[in-house]
Structure formats: C-alpha cells, structure tokens
Amino acid sequence: MDFAFLIDTMQKLLAGVPLTLELTFVSVAIGAALAVLLAVLRASFLPCEWLVRAYVFVLRGTPLLLQIFLIYYGIGQFAEVRNSFLWPFLRQPYWCAILALSLNTAAYGAEIIRGGLLAVPQGAAEAARVSGMSGFLLYRRIILPLAIRQALPAYGNELVIMVKSTSLASIVTLMEVSGISYAIISETYRALEVFLCAGSIYLVINFLLTRAIAQAEAWLNPHLRPATS
Amino acid sequence: MTSAITVRDLRKSFGQNEVLKGVSVDAREGEVISIIGASGSGKSTLLRCIPMLEVPDAGEVAIGGETIRMRSRRGHPEPADIHQVNRIRSSLGFVFQSFNLWAHMTVLQNVIEAPVHVQKRPRGECIAEAEAILEKVGMAEKRDAYPAHLSGGQQQRAAIARALAMRPRALLFDEPTSALDPELVGEVLRVIRGLAEEGRTMLIVTHEMAFAADVSTRTIFLHAGRIEEEGPPAQVFINPRTDRCRAFVTRHLNR
C-alpha cells in the first residue's frame with residue numbers, strides 16, 4: 001500500500017468536500033421549498049394538479065445527467081435567456097448544476113410530501129377547520145407539520161441520494177469530490193485507490209447526514225417517544 | 001329567549017342516499033338538546049351541517065341570528081364567504097367522537113392553538129384561561145402530555161377543553177363517548193353534565209339514553225332523516241307519542 005499516495009489523494013479530495021456539501025444543501029433548500037409548493041398545489045386545484053403531475057413525470061422520468069446537460073448546454077441557445085437578467089447566473093456551471101439538482105429533487109420531494117399530506121388524519125384537518133382555520137393558516141399550523149413528520153423518513157432517503165447526485169456536477173466542470181478524483185486518475189491512472197478514497201468520503205458524509213436526520217426525527221416527534229410524565 | 005342555533009328545513013344527500021329530509025331545529029340560549037336515533041338516522045350529519053363540516057343541499061343555518069350565506073357553484077351549494085364561516089365556526093365548540101386532537105402538540109398547545117392563531121387573543125391570556133379550563137375538566141396535570149400518551153377519556157376531556165377555549169356561544173357534541181372504553185365513559189359524561197349545569201347551550205348527539213334523559217332540556221328523536229318526535233325528555237323517553245320512538249327508547253333504555 002502506498003500510504004503517501006493515499007494521504008496525498010485524500011487531502012486533494014477533501015478540498016472538494018465544501019463544494020459537494022454546498023451543492024447538496026443549496027439545491028436541497030431550494031428543492032424542498034419547491035417540493036412543498038408543488039405538493040400543496042397538486043392537492044388544491046385541478047389544473048395545477050395536472051401541471052404538477054407533468055412536471056414530476058418529466059423530471060423523475062429522465063436521467064439527472066441529461067437534465068444537467070440540457071440546462072448547461074441547452075439553455076444558452078436561446079437569445080432570450082442570454083439577454084435576460086438570469087444569464088450572469090446561468091452561464092456559470094455552478095448555478096446550472098444547482099438548478100438541475102433543485103428541479104430534480106423537487107420532483108421527488110413533491111411526491112414524498114404528497115404521501116405525507118395523504119397520511120394526515122382527516123380528523124385532525126377537520127378539527128382545525130371547525131376551529132376556524134382555512135387556507136395558509138390551516139396548512140402552516142396543522143397540515144404541513146403533520147405531513148412533514150410523516151414524510152421525514154422518506155425525505156431522509158432523498159437527502160442521501162442528493163449527496164451522491166452532486167457527483168454528476170463534475171460533468172459540467174465543477175471540481176467537487178468526484179470531479180477532483182477524475183482529475184487525479186487522469187494524471188496517475190490509479191483508479192482503485194482514488195475511487196476508494198472518494199467513496200469513503202461520501203460514506204462519512206452520509207453517515208453524519210443519516211445521524212442528523214434521525215436526530216431531527218426524534219426532536220420533531222416527542223409524541224412518539226414513551227411518556228415521561 | 002334568543003336563538004343560539006337555528007336550522008331550517010335542512011336537506012342532505014350522499015349520492016342516492018338522502019340522509020336529511022328537511023330537518024328544522026331551533027336551539028335557544030341555555031338549552032341542552034339531545035339528539036337520539038338509530039345509526040343512519042342522520043343525527044351526526046345534522047350536527048355536522050351546523051358548522052358546515054357537511055354542506056347541506058338545501059335549507060338554512062343561522063348562529064346567533066346570523067344566517068350562513070350560501071351560493072351555488074356548478075349546481076352544488078357551498079358557503080359564499082369562507083371568512084364568515086370561519087368566524088362562525090370559531091364561535092362554536094365542536095367535540096368529535098374520535099377526539100381529533102392534534103398529535104404533534106401537547107394538551108396545552110392543543111387548547112390554545114385556535115384562541116391564539118384564529119381569534120388572535122394574547123398568548124399569555126390564552127394560557128391562563130386554558131389552565132383554568134384544564135383544571136375544570138380534570139386535565140391540569142396532563143397539560144404538557146401529548147395525545148398519544150393519554151387514555152381515550154383523557155383525550156376527550158382535552159378535546160372538550162379545546163372547544164371551551166374558543167369561548168363558544170354553543171357546544172356541539174358528536175357522540176362524545178362512543179369511541180371510549182365503557183369504564184372511561186363516566187368521566188367524560190361528568191364533564192359534559194357540569195357544562196350543562198352551567199347553563200351552556202349544547203347540542204348532544206348520543207347513544208347514552210339515561211344521560212340524555214337526565215341532562216337535556218329537550219330531546220329530538222330522528223328517524224330516516226326526519227324529526228319523528230321532539231319534546232322534553234320526560235315525554236320522549238317515558239311517554240313517547242310515536243310507536244317508532246317508543247320502540248327505540250325501550251330497546252335502548254333496557255339494555
């Protein structure tokens with residue numbers, strides 16, 4: 001074993017961890033907000049329902065890799081986009097990757113939250129309505145808190161997948177953990193060691209992430225713990 | 001005396017099944033009306049139509065003299081103004097058969113939720129009032145417990161506290177003890193009886209005949225979507241005028 005090489009590789013790869021985490025958290029933050037909006041829209045009006053279904057169908061049914069390509073190479077073909085205020089963002093691979101990752105996770109997230117919404121007991125919503133709640137207040141205070149608690153285990157799964165999905169951002173020149181590992185391999189041809197190092201980094205990130213999700217679940221669900229009083 | 005709740009010629013069908021066939025009830029301030037009848041007679045639907053949990057196909061509901069405005073949309077009636085409905089709903093207290101407490105909140109949070117967020121009353125005032133109400137229903141020491149950690153009787157008493165915290169002009173009970181183990185029925189009935197003795201206006205749908213006979217000022221017997229018999233409990237339970245009511249009451253009182 002060439003420990004010197006492993007340590008050197010690890011150091012280079014660790015430099016990509018901040019970008020990997022940034023891509024994950026920024027796109028998850030945008031995607032989660034969008035997912036809640038899509039799920040609520042789908043549950044509300046009929047025309048919206050079809051729009052959301054179409055969105056989810058397309059974004060879930062095509063590879064994320066293609067979506068990143070389409071946004072990075074495709075969107076600049078339109079003069080309207082190049083002339084719009086968005087171009088300073090969309091010309092950068094970073095924001096293209098964020099956009100693709102956000103739109104993609106929003107589609108999965110919308111389905112997960114829809115499942116959560118369906119699991120909200122009818123009686124809880126009815127008790128809220130009969131107390132005079134409706135619309136935004138009803139969702140904010142009763143329905144979403146109950147739905148998100150239901151959806152959290154499945155959403156945790158999606159977060160873990162998102163960490164791994166950021167590796168696709170390397171295809172549009174972003175030097176996150178995977179991007180750096182490809183660069184090292186093309187210089188050294190030592191694929192095994194480099195990929196093992198990269199894989200172990202993803203494992204550690206996801207280990208910490210799943211712990212955090214479990215903590216969040218426990219914190220949000222005091223009513224599922226055994227009674228203390 | 002003024003009318004707290006007025007229901008005029010209410011009709012409601014579920015598909016082909018006409019559940020209410022023109023029911024009128026006028027509950028004056030301070031009246032305790034028990035509504036009895038076989039399952040499927042329409043008593044729960046009648047109660048649920050009052051705060052528009054079910055939207056009647058025809059007829060009128062008025063709370064404290066204010067009629068809930070209706071409109072027709074694609075041939076189906078619906079309340080015309082959700083703000084009016086919300087205001088009227090928050091002036092009533094509704095107690096469900098299956099409690100329907102909010103699982104993610106403690107008992108106290110359940111009780112202050114609507115006063116704080118719907119009625120926009122100061123939080124401190126709501127908490128103080130909630131504590132007094134919880135004391136009254138015997139749930140003071142459970143104020144920080146979650147519904148999942150309570151017995152059915154405790155959950156229902158918490159749900160009654162939640163309804164009382166709205167400072168309701170009338171209380172509606174939809175079979176409040178039907179989901180309870182027999183040994184827990186008593187504690188809930190005691191609380192409801194206490195409220196009746198305070199002179200609160202109440203409509204109680206129930207299968208507890210002895211309780212209904214004892215606590216109410218008027219009893220309504222529903223059969224197949226119509227009021228078959230109505231009067232003071234002494235008449236309805238002891239000396240019914242209709243055969244159907246007599247048969248129903250005898251069957252249930254002798255259980």
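# Notebook: a two-chain predicted model

**Entry 1. Chain A, overall.** I began at the N terminus of chain A and read off its elements in order: α-α-α-α-α-α-α-α-α-α-α. That makes 11 helices and 0 strands. I note here that the model is predicted. The predictor gives the complex an ipTM of 0.93 and a pTM of 0.88.

I then took the extent of chain A. Its C-alpha trace spans about 70 × 55 × 25 Å along the principal axes. Chain A has 229 residues, and 34% of them count as buried. I also looked at contacts in chain A between residues at least 6 apart in sequence; 79% of these join residues at least 24 apart.

**Entry 2. Records for both chains.** I looked up the annotations in UniProt. An unreviewed entry gives "domain: ABC transmembrane type-1" for residues 17-213 of chain A. Over that stretch I find 84% helix and 0% strand, with the end C-alpha atoms 20 Å apart.

For chain B, an unreviewed UniProt entry lists "domain: ABC transporter" at residues 5-249. Here the chain is 36% helix and 28% strand, and the end C-alpha atoms are 26 Å apart. The average pLDDT of chain B is 94, and 99% of its residues score at least 70.

**Entry 3. Helix 4 of chain A.** I asked which residues of helix 4 of chain A are buried. In this helix, residues 64-74, they include Gln67(A), Ile68(A), Ile71(A) and Tyr72(A). Why do they lie on the same side of the helix? They cover an arc of only 120° around the axis, and that puts them on the same side. The spacing follows a general rule: an α-helix has 3.6 residues a turn, so residues three or four places apart point the same way.

On the other side of helix 4 of chain A I found Leu65(A), Leu66(A) and Tyr73(A) exposed. I also checked what covers the buried residues, and helix 7 (93-118) of chain A is included.

**Entry 4. Where the chains meet.** I counted the contacts between the chains: 20 residues of chain A are in contact with 25 residues of chain B. On the chain A side, the elements that give two or more residues are helix 8 (122-130) and helix 9 (135-165). Helix 9 of chain A gives the largest share, 6 residues. I sorted this side of chain A by class and got 11 nonpolar, 6 polar and 3 charged residues.

**Entry 5. Nonpolar cores.** The largest nonpolar core has 125 residues, and I looked for the members that touch the most others: Ile35(B), Ala161(B), Leu172(B) and Leu203(B). Helix 7 of chain A gives the most to this core, with 13 residues. Apart from it lies another core, of 7 residues, among them Leu13(A), Val177(A), Cys197(A) and Ala198(A).

I followed up Leu172(B). Not counting residues up to four places away in sequence, Leu172(B) touches Leu47(B), Ile50(B), Leu92(B), Gly93(B), Phe94(B), Val95(B) and Leu203(B).

**Entry 6. Leu253(B).** I located Leu253(B) in helix 9 (residues 243-253) of chain B. Is Leu253(B) buried or exposed? Leu253(B) counts as exposed, because it has 12 C-beta neighbours inside 10 Å, and the cut-off for exposed is 12 or fewer.

Leaving aside neighbours within four places in sequence, I find Leu253(B) in contact with Met209(B), Ala210(B) and Phe237(B). I also took the C-alpha separation of Leu253(B) and Ala213(B), which are 40 residues apart along the chain; it is 9.9 Å.

Terms used: Residues are numbered from 1 along each chain as its sequence is written. Chains are lettered from A and ligands numbered from 1 in the order in which they are written. This is a predicted model: local features need pLDDT of at least 70, side-chain atom pairs count only at pLDDT 80 or more; totals for chains, interfaces and linings use all residues. UniProt positions are given in the numbering used here, feature names are shortened, and annotations may be inferred rather than shown by experiment. Helices (H or I, at least four residues) and strands (E, at least two) are DSSP runs, numbered from the N terminus. pLDDT is the predictor's confidence in each residue, from 0 to 100. A residue is buried if 20 or more other C-beta atoms lie within 10 Å of its own, exposed if 12 or fewer, and partly exposed in between; C-beta atoms are placed from the backbone. The arc is that of the directions from the helix axis to the C-beta atoms. Two residues are in contact if their C-beta atoms, placed from the backbone, lie within 7 Å. Ala, Val, Leu, Ile, Met, Phe, Trp, Tyr, Cys and Pro count as nonpolar, Asp, Glu, Lys and Arg as charged, and the others, Gly among them, as polar. A nonpolar core is a set of buried Ala, Val, Leu, Ile, Met, Phe, Trp, Tyr and Cys residues joined through C-beta atoms within 7 Å.
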